[in-house]
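Trainee: I would like to learn how to read features off a model. Can we go through them one by one?

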Amino acid sequence: MTHRRILTLSLLAAWVAAVAYLTLTPAGRTPPLTLETFLCIGCGMRDGADVILNWALFVPGGVLLALVMSRGRVMLAAIAFTVIIEMFQIGVAGRHPALQDLIFNSLGAVTGVALVHRGLGRAAQAALAAAVAVAWLSPIGLLVPMASSFDLYGQWTPLFGGVAQYEGRIQDVRIDGFSVPSWRTPNRAALETAIVERHPIEILLEVGPPPSSTAPVFQIADSERLVILTLGALGSDLLVRGHNPARVLGLDQPDARWPDALASIEPGTTVPIVIDRSRGSLCISVADDTRCELAPTAGDGWGFLLYLEGAPRWLRALMTLLWTAGLGLVLGGVSQTPNRAAFLAGALALSAYLGAHLSPDVTPSEVQAALLILTSLTGAILRPQLIEAWRTVCSSAPEGALQA
């Protein structure tokens with residue numbers, strides 16, 4: 001057995017272990033399994049993100065399987081592995097078998113096989129460049145606040161199953177001068193306008209002890225139980241999330257967060273909190289302290305797929321760095337020349353920067369813009385060597401190698 005085949009089989013075993021870990025780890029409560037839930041496609045709150053992740057998770061598996069077996073056997077192996085995973089999910093908290101997992105896992109494997117045997121033609125490279133542009137600019141369009149046509153309810157420190165309850169106490173909530181009670185609001189139209197137009201929200205809060213998991217402090221929800229806006233606490237952090245196009249598409253979303261906002265305030269102390277997006281930047285005030293530019297950046301687009309809400313700050317920062325660098329490398333790799341890569345990356349960076357200045361829902365970042373351009377140039381410079389290395393790897397695949 002050659003060293004290359006040993007390496008391929010080792011990577012394949014690591015991929016199988018990683019998929020098993022990611023799909024069989026308990027993840028909270030699960031509704032009862034029925035035929036309807038198994039067959040339903042796109043019905044969950046974050047099914048859009050799950051579809052993308054299921055596809056992306058099996059692309060490397062398709063590549064590795066295509067290097068050790070024929071195309072027909074790759075599909076059988078991918079489907080068999082998915083079926084086994086789905087069967088093992090029965091009884092695992094937060095997991096359940098789904099037809100859409102089987103479909104999109106298989107499509108991911110097909111994509112991996114196509115990469116080995118056909119490579120990326122010009123049309124595929126153009127599509128990949130467009131996907132990078134959409135991923136980079138997505139926060140500008142996906143975080144725009146949306147309201148609801150149903151009755152709206154204020155919820156003060158609400159208690160829901162599976163979610164921690166904040167142990168502090170709200171004394172008053174006001175938007176545009178009118179009170180938002182902890183029940184159905186009599187000013188639905190005014191409240192809907194205030195949400196869409198991002199009017200300031202004033203909350204008088206008796207601070208509670210820091211919760212170990214995210215606890216909603218104040219929410220606005222409609223009569224269909226759709227959460228329109230949330231001010232939450234996680235430890236001493238304050239975070240803001242809302243109803244927006246990301247939610248409509250079944251995606252997760254990065255939150256607007258002020259780390260350690262309540263760290264210096266003793267539990268039992270009453271403080272005014274103001275959420276203000278009316279000045280072109282998302283600002284949060286706690287007592288006399290105000291922080292602005294707390295909204296997500298273009299580099300936080302990874303959060304639409306799986307936001308690590310309770311993860312350490314350094315890990316979320318690392319994910320943002322890797323996402324930005326990864327998008328830049330892919331853009332450079334499909335841009336043919338360094339000049340074209342620099343132009344495309346510069347145009348994307350400038351578009352995101354200007355869009356963030358026009359939207360209080362996104363924060364501009366010069367560092368991320370520079371990193372996108374730099375990694376795009378790197379990808380374009382390394383493109384010839386990467387293509388040759390890929391052809392060498394694919395030359396060992398059954399049924400022929402990737403053609404030049």
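Mentor: Start with the element names. Helices (H or I, at least four residues) and strands (E, at least two) are DSSP runs, numbered from the N terminus. This is a predicted model: local features need pLDDT of at least 70, side-chain atom pairs count only at pLDDT 80 or more, and totals for chains, interfaces and linings use all residues. Residues are numbered from 1 along each chain as its sequence is written, and side-chain values use heavy atoms, with hydrogens and water left out.

Trainee: Then where is Q336 found?

Mentor: Q336 sits in the loop between α10 (313-333) and α11 (338-358). Its phi is near 70°, a positive value in a residue other than glycine.

Trainee: Is Q336 buried, partly exposed or exposed?

Mentor: Take the cut-offs before the case. Buried means under 20% relative accessible area, exposed over 50%, and partly exposed in between (1.4 Å probe, protein chains only). Q336 has 37% relative accessibility, so it counts as partly exposed.

Trainee: Which loop holds A287?

Mentor: A287 is in the loop between β10 and β11 (289-291). Phi of A287 is near 55°, a positive value in a residue other than glycine. A287 is partly exposed, because its relative accessible area is 39%.

Trainee: How do I read an aromatic pair?

Mentor: A pair of aromatic rings is described by the distance of the centres and the angle of the planes. Rings of Phe, Tyr and Trp (its six-membered ring) pair if their centres lie within 6.5 Å; planes under 30 degrees apart count as stacked, over 60 as edge-to-face and the rest as tilted.

Trainee: How many aromatic pairs does the structure hold?

Mentor: The structure holds four aromatic pairs. Take W15 and F58: the ring centres are 5.1 Å apart and the planes stand at 85°, so this pair is edge-to-face. The pair links distant parts of the chain, with W15 in helix α1 (residues 3-24) and F58 in helix α3 (residues 47-66), 43 residues apart. W15 is buried, and F58 is buried too. Ring pairs also join W15, F58 and F81 into a cluster.

Trainee: Is the crossing of α1 and α4 left-handed or right-handed?

Mentor: A crossing is left-handed if the near helix is turned anticlockwise from the far one by less than a right angle, and right-handed if clockwise. The crossing of α1 and α4 is right-handed.

Trainee: Which residues make that contact?

Mentor: Contact means heavy atoms within 4.5 Å. From α1 come W15, V16, V19, A20, T23 and L24, and from α4 come F81, I85, F88 and Q89. For classes, Ala, Val, Leu, Ile, Met, Phe, Trp, Tyr, Cys and Pro count as nonpolar, Asp, Glu, Lys and Arg as charged, and the others, Gly among them, as polar. The contact of α1 with α4 has eight nonpolar residues, two polar and no charged.

Trainee: What is a nonpolar core?

Mentor: In soluble globular proteins, nonpolar side chains tend to be buried together. A nonpolar core is a set of buried Ala, Val, Leu, Ile, Met, Phe, Trp, Tyr and Cys residues joined through side-chain atoms within 4.5 Å. Here the largest nonpolar core has 37 residues; I203, L238, I273, I284 and V286 have the most contacts inside it. Apart from it lies another core, of 17 residues, among them V19, V63, L67 and V113.

Trainee: Where does L372 lie, and what does it touch?

Mentor: L372 lies in helix α12 (residues 366-394). Its relative accessible area is 0%, so L372 is buried. Not counting residues up to four places away in sequence, L372 touches W136, T324, L327, G328, A345, L348 and A349.

Trainee: Which element contains I220?

Mentor: I220 is in strand β5 (residues 215-222). I220 is buried, with a relative accessible area of 0%. I220 and T230 are 10 residues apart in sequence and 6.7 Å apart in space, C-alpha to C-alpha.
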